[in-house]
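Hi,

Here is the structure I promised to pass on. Have a look at it first, and then read my notes below.

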Amino acid sequence: MTETNKAAQPAAAGATASSNGGGQAEELLKVTNLKMYFPITSGLLFQRKVADVKAVDGISFTVRRGETLGLVGESGCGKSTTARAILQLYRPTAGSVLFEGNELTKLKGGELRRMRRRMQMIFQDPYGSMNPRMTIEAALTEPMVIQGIGHSSRERRDRAAALLEEVGLEAAHLRRYPHEFSGGQRQRICIARALAVEPEFLICDESVSALDVSVQAQVLNLLKRLQEKHHLTYIFISHDLSVVKFMADMIAVMKDGRIVEFGPSDTIYAHPRTEYTRQLIAAVPKDDLEHIRQRQAARLAARAQRLSA
Ligand SMILES: Nc1ncnc2c1ncn2[C@@H]1O[C@H](COP(=O)(O)OP(=O)(O)OP(=O)(O)O)[C@@H](O)[C@H]1O
Ligand SMILES: [Mg+2]
């Protein structure tokens, strides 16, 4: 663990507790000293390892149930590798990943599959992660079949229709194909597919980065609504600090495979401790921020009005 990382931990723990009304929320994910190294090999006949790419180099953090951890940092700093190492899509070089107290790095086969049902990932490019020849119904019911959800194809179809409505689309869309939708709609379908297996934990990796600003805001608001409704826990990854701030309770700033700052998102944003974080903030287009702030304020006002009606 680095000095910066060590220093970050107590602040992180205290801040997490206060953002959850005195630390009542349970720790869902605990990552300790996670490392993911990729070997660099050389040689014509016999490949031998000459060095490692230290994509993730000893990071530690916790995420409490119902909370969002934002992971932010420049391209290549190790955000996606962290996500994959948590979900065991890559087997970490070292470290521990506890999910509800279960050590994921030690799980294999069926045990890991059962645990994966509870953890889903949403990627940047919805088109790339969908099979163009599969109808939306097939795309949504496939994970249910794999995980044994629903007793009949009828039940799974009804559930798929309900999921589509939940993400703002229509049951009639079940018969269509991915190319018939816009980027934002496709991302909504990916969210519905992730929810199909009733997960508790979602990792969104640059999930709105390919969308334009107004569509981005709609999808971010959808993710927030779903989080509230299903009591989901998120890791939200983006190179865009304004998007991360909008979504996250806590923020981890990554650089060269390490966490260089960790704390409540407001604090990180208002009082960045490193020049690197200051530069990430400076890179945020101010218009986008203002856009998101206004939308957030309007949403809060509408909710307050609904509650008082
Ligand atoms: N499978 C792999 N084999 C070798 N090196 C890899 C592999 N995956 C990632 N890397 C390297 O690890 C580092 C971190 O990559 P990663 O994709 O995690 O970054 P990132 O923060 O997600 O970047 P971006 O914002 O561009 O998505 C990079 O130097 C990358 O080249
Ligand atoms: Mg990435």
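Strand 1 (residues 27-42) and strand 2 (48-64) are antiparallel partners, joined over 13 bridges. I say that strands pair when DSSP finds at least two bridges between them. Helices (H or I, at least four residues) and strands (E, at least two) are DSSP runs, numbered from the N terminus. Within this pair, Ile-40 has Ala-51 of strand 2 as its bridge partner.

Before going on, a word on where this comes from: it is a predicted model, in which local features need pLDDT of at least 70, side-chain atom pairs count only at pLDDT 80 or more, and totals for chains, interfaces and linings use all residues. Residues are numbered from 1 along each chain as its sequence is written, while chains are lettered from A and ligands numbered from 1 in the order in which they are written.

Back to the sheet. Strand 4 in turn pairs with strand 5 in the antiparallel sense over two bridges, with Leu-98 facing its bridge partner Glu-103 in strand 5. Those two strands make a hairpin with two residues between them, and Glu-100 in the turn has a positive phi of about 50 degrees.

Put together, the four strands form an open antiparallel sheet in the order 2-1-4-5. Strand 2 and strand 5 (102-103) are at the edges with a single partner strand each, so one side of each has no neighbour in the sheet. Helix 2 packs on this sheet and touches strand 1, strand 2 and strand 4 (94-99), its direction making about 75 degrees with that of strand 2. Touching here means a contact, with C-beta atoms, placed from the backbone, within 7 Å. Angles run from 0 to 180 degrees between N-to-C directions, and axes are lines fitted to C-alpha atoms, for helices over the stretch in contact.

What surrounds ligand 1? The shell is Phe-38, Val-53, Ala-55, Gly-73, Ser-75, Gly-76, Cys-77, Gly-78, Lys-79, Ser-80, Thr-81 and His-239, counting residues whose C-beta atom, placed from the backbone, lies within 6 Å of the ligand. Strand 2 and helix 2 (79-86) are the elements that give two or more residues to it, and helix 2 has the largest share, with three. By class, the shell has four nonpolar, seven polar and one charged. (Nonpolar is Ala, Val, Leu, Ile, Met, Phe, Trp, Tyr, Cys and Pro; charged is Asp, Glu, Lys and Arg; the others, Gly among them, are polar.)

Elsewhere, helix 4 (residues 136-146) packs against helix 5 (residues 153-166) at an angle of about 115 degrees, with axes 9 Å apart. Glu-137, Leu-140, Thr-141 and Met-144 in helix 4 meet Arg-156, Arg-157, Arg-159, Ala-160 and Leu-163 in helix 5. That contact has four nonpolar, one polar and four charged residues.

Lys-255 sits opposite Arg-258 in strand 10, and Asp-256 in the turn has a positive phi of about 45 degrees.

Overall, the chain has eleven helices and ten strands, and 37% of its 309 residues are buried.

Cheers

Conventions:
Two residues are in contact if their C-beta atoms, placed from the backbone, lie within 7 Å. A residue is buried if 20 or more other C-beta atoms lie within 10 Å of its own, exposed if 12 or fewer, and partly exposed in between; C-beta atoms are placed from the backbone.
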